[in-house]
Amino acid sequence: MTITRAEVCAVACADSFADAGTIIASPFGTIPSIGARLARLTSAPELLLSDGEAMLIAETTPLGEESTAAVEGWLPYGKVLDLLAGGKRRVMMGASQVDRFGNQNISRIGDWAQPKVQLIGVRGAPGNSVNHTTNYWIPNHSTKIFVESVDLVAGVGHDRARQVGAKYHDVQVVVTDLAVLDFQGPDGSMRLRSVHPGVSVDEVREKTGFELAVDEVTETRLPTDDELTLIRDRIDPKGLRDKEVPA
Amino acid sequence: MQDKQLTVDEVVSHLRDGMTIGIGGWGSRRKPMALVRAILRSDLKDLTLVSYGGPDVGLLCAAGKLRKVVYGFVSLDSIPLDPHFRAARQRGELDVAEYDEGMVLAGLRAAAARLPFLPTRAGLGSDVMALNPELRTVRSPYADDEELVAMPALNLDVALVHMNRADRYGNGQYLGPDPYFDDLMCAAAETSFLSCERIVATEELTETAPPQSLLINRLHPQGVVETPHGAHFTSCVPDYGRDEAFQRHYVASAKPGQWKAFRAEFLDGDEADYQAAVERFHARAEVPA
């Protein structure tokens, strides 16, 4: 079986958790959820994972199935909000817009008093981004999402963090269906780190609405055989990943 | 001890135009929906709502009851966005204060402790500060000199929450996985009202569940309402899960031209009429078209 784009993305998401240590992983979306589980089964065995509600699960269970795994802890929303201020958490959030410094918007498009499109609201993005490592997952890399300037800053980017002296700010990577981007460009701006197999640097540039820093771009690594088996047989046997990133 | 049992409509008779009301639950989970429906039937107006928002926000928007909403998000969980809240915002008719989820928590904690504010990092550097120009920062008086957001107290006139069980004196119990912020909502409010699936004798509360499940004690609620399925269509586990089919129907019915029929079928009568209409909805759905 050929390796799919979704599997490459899942491994790139897993790599974003690899050095996290003993913290709570909070992935939003299917591919980041696969990534966090895969990291726990491979590079980051000490990660804590929730069932999506208030229970921390001791075993790494398949996606999309009612969990019967042993519960190792209790983490209702109130505890999440307290714990994140202590920094022992790493999230991978979605974004409706992201700019070159990693400012993120999930709140609204257009004017504040009368938005063109009202979205979910800032949620926990302001608090997450100034308290602990925050990464992003974009399943449809496009100029609609990668914009020169976001309509509203929910998740704080590197320029804003510097201005206010946010000492725990740590936005590391944006994983998309095309590439992995980091903030190693000039002044903490977005840089193209790697393109997924079959994607060109030009394609990523065309689908990004601002000038990307590009120096030595590598190819995103392929999953190992062991990782593929874990993704296909254990973590996502129903193939939910293909719904988020079609083959 | 004072017997505090009321009906949903009696609870609403204690509310006034222009009040600031905190609603418990989270998203589309354990919302005091029977009390919300009773507000929809009332003449109340110009309310300010503080909520980890779900269909409570949507329904009150649809009925034009709100002057302002204070929230971190508005979501139906399995469906990311509430159509009525979006429509009200996109018409530009709704005043809002949008905060980080943790800022809402800090604001409720400040109110519960009768403090003017609590410091938090959440909000720093984000546009939450610009969107809410009344927000101020505060500088640490200690050597670190760190600048933090001074989240003002979210003082509530009234809190409305829904529990799995309660006794008639106002001791409330949750049996699901998460207490959400219902105890804090009550503590931040001048007074509060608690609805529940079932009122039981006090000694029955701890017969099968641990005392830690007694989230709310009779210090706070002024009234207790027994209203089975009172959180419908949000989840109220372990008594029942979210009614996903009905929630989808609620969203689909928000389309122009269809809301009037939804309102007539489900919302224009009393709570018993609502529950009967929901049963008919499911009976209808089970019959293949």
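**Exercise 1. How much area do chain B and chain A bury between them, and what share of it lies on carbon and sulfur atoms?**

Solution. Chain B and chain A bury about 3,300 Å² between them. Of this, 53% is on carbon and sulfur atoms. Buried area is the accessible area (1.4 Å probe) that two parts lose on being put together, summed over both.

The model is predicted: local features need pLDDT of at least 70, side-chain atom pairs count only at pLDDT 80 or more, and totals for chains, interfaces and linings use all residues. Residues are numbered from 1 along each chain as its sequence is written, chains are lettered from A and ligands numbered from 1 in the order in which they are written, and side-chain values use heavy atoms, with hydrogens and water left out.

**Exercise 2. How many residues does each of chain B and chain A bring to the contact?**

Solution. Take contact as heavy atoms within 4.5 Å. Chain B gives 40 residues and chain A gives 39 residues.

**Exercise 3. How many salt bridges and polar contacts link chain B and chain A?**

Solution. Start with the salt bridges (a side-chain nitrogen of Lys or Arg within 4 Å of a carboxyl oxygen of Asp or Glu). The count between the two chains is five. One of them pairs A:Lys167 with B:Glu146. Their closest N and O atoms are 3.2 Å apart.

**Exercise 4. What is the strand order of the open three-stranded sheet in chain B, and which strands stand at its edges?**

Solution. Strands (E, at least two residues) and helices (H or I, at least four) are DSSP runs, numbered from the N terminus. Two strands pair if DSSP finds at least two bridges between them.

1. The order is E5-E7-E6, with antiparallel pairing.
2. Strand E5 (117-120) and strand E6 (136-139) are at the edges. Each has a single partner strand, so one side of each is left without a neighbour in the sheet.
3. Four bridges join E5(B) to E7(B). B:Leu118 stands opposite B:Met151 in E7(B).
4. Four bridges also join E6(B) to strand E7 (residues 147-152). Here B:Thr137 has B:Val149 as its bridge partner.
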